[in-house]
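Here are some friendly notes to read with the model open beside you. Take the points in order, and find each residue on screen as you go.

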Amino acid sequence: MSVFLPPEPPAFATSSPRERVARVLTESLAPAHLVIALLLLVGAHSTEGWSGAGWGLLAALFCGVVPLGVIALGVRRGALTDKHIRVRRQRVVPMAASLLSVVAGVALLYALDAPAEVAALVVAMLAGLVSALAVTVWWQISLHNAVAGGTAMILVLAFGPAALPVAAAAPVAVGWSRLVLKAHTAAQVLAGTALGGVCAVVFALLR
């Protein structure tokens with residue numbers, strides 16, 4: 001079982017310029033933020049109108065907003081060190097709670113006959129979360145890069161090769177930021193990016 005423990009990140013005011021850029025990237029491209037943005041984009045694309053974006057917003061509630069709330073509550077109660085949960089053993093409970101929320105989202109979307117792409121994406125996220133949770137029990141894989149890698153691959157599947165340059169920038173930027181902040185090792189970053197492929201495969205099969 002992994003004993004890796006990332007250091008507490010330096011305060012923004014005392015960080016080097018390189019660390020400040022890394023902090024901004026880590027915060028802005030956090031997993032829940034990417035999940036919400038991806039659901040809105042794919043939702044809008046699924047019907048080419050506002051109704052699709054509405055489906056994406058509904059899915060984002062279960063896949064992004066609720067998990068953010070679970071983590072915020074854990075930090076407020078002192079059960080979690082920070083919103084990025086740098087201590088691996090603290091990740092299991094909020095990830096399990098997020099899993100239940102995503103399951104509820106899948107059930108609701110299918111019950112309401114949501115667009116196929118939106119439903120497929122949420123099932124893909126569920127598969128990715130299950131995989132990440134299984135790994136997290138014994139090793140501190142980069143969840144940031146798992147989501148960034150999955151996001152990049154799904155964007156290309158949904159919008160075509162033209163999306164590749166922008167999509168590929170996300171996992172590269174996130175991986176760089178996590179290494180600069182010493183939040184993960186290179187192996188953890190690469191493994192996280194690869195794990196994102198689970199989501200992409202499931203999405204490709206179900207859409």
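1. Let's begin with a term: a salt bridge is a side-chain nitrogen of Lys or Arg within 4 Å of a carboxyl oxygen of Asp or Glu. The side chains of Glu 117 and Arg 207 form one, at 2.7 Å from N to O. Glu 117 lies in helix H5 and Arg 207 in the segment after H8, so this pair ties together parts that are 90 residues apart in sequence. Helices here are DSSP runs (H or I, at least four residues), numbered from the N terminus.

2. Before going further, please note that this is a predicted model, in which local features need pLDDT of at least 70, side-chain atom pairs count only at pLDDT 80 or more, and totals for chains, interfaces and linings use all residues. Residues are numbered from 1 along each chain as its sequence is written, and side-chain values use heavy atoms, with hydrogens and water left out.

3. Are the two partners of the first point buried or exposed, or in between? Buried means under 20% relative accessible area, exposed over 50%, and partly exposed in between (1.4 Å probe, protein chains only). Glu 117 is buried, with a relative accessible area of 12%, while Arg 207 counts as partly exposed at 40%.

4. How many salt bridges does the structure hold? There are three. In another of them, Lys 83 meets Glu 27 at 2.9 Å, N to O. Lys 83 sits in the loop between H3 and H4 and Glu 27 in helix H1, so the pair links parts that are 56 residues apart in sequence. Lys 83 counts as exposed at 53% relative accessibility, and Glu 27 as partly exposed at 23%. Asp 82 also pairs with Arg 86, with their closest N and O atoms 4.0 Å apart; both of these residues are buried.

5. Now look inside. A nonpolar core is a set of buried Ala, Val, Leu, Ile, Met, Phe, Trp, Tyr and Cys residues joined through side-chain atoms within 4.5 Å. The largest one has 38 residues, and those touching the most other members are Leu 39, Leu 121, Val 122, Ile 154 and Phe 203. At least two residues each come from helix H2 (31–47), helix H3 (50–77), H4, helix H5 (116–136), H6 and H8. Which helix gives the most? That is H5, with 12 residues. A second, separate core of five residues includes Leu 29, Leu 34, Ala 148 and Val 174.

6. His 45 is placed in helix H2 and counts as partly exposed at 30% relative accessibility. Leaving aside neighbours within four places in sequence, His 45 is in contact (heavy atoms within 4.5 Å) with Glu 117, Ala 158 and Phe 159.

7. Next, a check on helix H7 (residues 164–180). Its expected span is 1.5 Å times one less than its number of residues. For its 17 residues that should be 24 Å, and its end C-alpha atoms are 24 Å apart, which agrees. Among the buried residues of H7 are Ala 167, Ala 170, Val 174 and Arg 178. The cover over its buried residues includes helix H1 (17–28), helix H6 (143–159) and helix H8 (186–206). Just after H7, Lys 182 takes a positive phi of about 60°.
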